[in-house]
Amino acid sequence: AAAKDAAVKVLTSQGCKVEVSDLYAMKFKASATAEDVTGTVKDAEHFQYGEETMLAWKEGRLSADITEEHRKLSEAAVVVFQFPMYWFTVPAIMKGWMDRVLTLGFAYTSEKRYSQGIFKDKKAMLSFTTGSHESMFSANGINGDMNVTLWPLQNGILHYCGFQVLAPQIFWPPPHIPSESRCSMLEAWRTRLEGLLGETPLYFTPSDSFDGGRGFQLKEDIQEKHAAKKFGLTVGTHLGKPLPPNSQIKAGV
């Protein structure tokens, strides 16, 4: 909550219009169901959520809570997801927001995804608290590398929809550090927010690097170009090499 409040205050002071979706206060429904479609569904016997909600989106028949979040997304230049990390990912209510609001057709299609995605002119970032110390989320730590933990969220959801993904803001375990350290983290966040709109996004391999005719495998010339390099391209497209260090945590590495 303190991180959210800081973001609202700093961004507003810069002249930004800031809208907050407090999912708990909104009692946002987490589960994606047929209730997200108003009116008659196309195939009630064999209900397919993606197809039915895409059709409902085109015809203006999505539930009001989804439509309102669509409005916010359409108007947004930057989207900040603020949350406490639960079980190495977002809380259920936020995952439900992603499941329901990132509607097929509105947020992505099979042709418009990744670097060619619908939201390629927008930026998004994760800002979250952890329950474990940074050392536990290292390459040698018991929780494993945070870069690997973040790959499904940052690549598989945000970048998949085309977002330029800014480096995450990680507040290492607030419950287990002194109040002075929490104040320092918040001050660092405020300082970062002052220049947030000008930040360089994280790197993801461009869509045109993959051959659609070969099952969207990395093109052979690109594989050859990187054959002699020490690290893989990304956490996911690593070419069997060591992962590029901190590529999901810091831009330009």
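Student: Over how many bridges do β2 and strand β3 (residues 164-165) pair?

Tutor: This is a predicted model, in which local features need pLDDT of at least 70, side-chain atom pairs count only at pLDDT 80 or more, and totals for chains, interfaces and linings use all residues. Residues are numbered from 1 along each chain as its sequence is written, and side-chain values use heavy atoms, with hydrogens and water left out. Strands (E, at least two residues) and helices (H or I, at least four residues) are DSSP runs numbered from the N terminus, and two strands pair if DSSP finds at least two bridges between them. Q164 in β3 is the bridge partner of K123, and the pairing of β2 with β3 is in the parallel sense, over two bridges.

Student: Which residue of β4 stands opposite S127?

Tutor: Strand β4 (residues 169-171) runs parallel to β2, and three bridges join them. Within β4, the residue opposite S127 is Q169.

Student: What is the handedness of the crossover from β1 through α5 to β2?

Tutor: β1 and β2 run parallel and are joined by seven bridges, with F83 having F128 as its bridge partner in β2. A crossover is right-handed if, with the strands pointing away from the viewer, the path from the first strand over the helix to the second runs clockwise. By that criterion, the β-α-β crossover that takes the chain from β1 through α5 to β2 is right-handed.

Student: Why is strand β2 (residues 123-129) described as largely enclosed by the rest of the structure?

Tutor: Buried means under 20% relative accessible area, exposed means over 50%, and partly exposed lies in between (1.4 Å probe, protein chains only). β2 is largely enclosed because, of its seven residues, the number buried is six.

Student: How many residues of helix α5 (residues 92-101) are buried?

Tutor: The buried residues of α5 are I93, M94, G96, W97, M98, R100 and V101, and what covers them includes α2 (23-26), α3 (49-59), α4 (64-75), β1 (78-84) and α6 (146-159). The helix has 10 residues and is mostly covered, the number buried being seven.

Student: Which side chain makes a polar contact with the side chain of Q154?

Tutor: Q154 lies in helix α6 and counts as buried, because its relative accessibility is 0%. Leaving aside neighbours within four places in sequence, its contacts (heavy atoms within 4.5 Å) include L126, V165 and F204. A polar contact is a pair of N or O atoms within 3.5 Å; within protein, one must be able to donate a hydrogen and the other to accept it, and residues adjacent in sequence count only if both atoms are side-chain atoms. At 2.9 Å, the polar partner of the Q154 side chain is that of Q248.

Student: At what distance does a polar contact join the side chains of Q82 and S127?

Tutor: Q82 is found in strand β1 and is partly exposed, with a relative accessible area of 24%. Although Q82 and S127 are 45 residues apart in sequence, their C-alpha atoms are 4.8 Å apart in space. The polar contact between the two side chains has a length of 2.7 Å.

Student: Which element gives the largest share of the lining of the largest pocket?

Tutor: A pocket is an open set of points, on a 1 Å grid over the protein atoms alone, where a 1.4 Å probe fits, with protein on both sides within 12 Å along at least five of seven lines; lining residues have an atom within 4 Å of a point. The largest pocket is lined by 41 residues, with K4, E19, V20, V80 and Q82 nearest its centre. Its largest share, seven residues, comes from β1.
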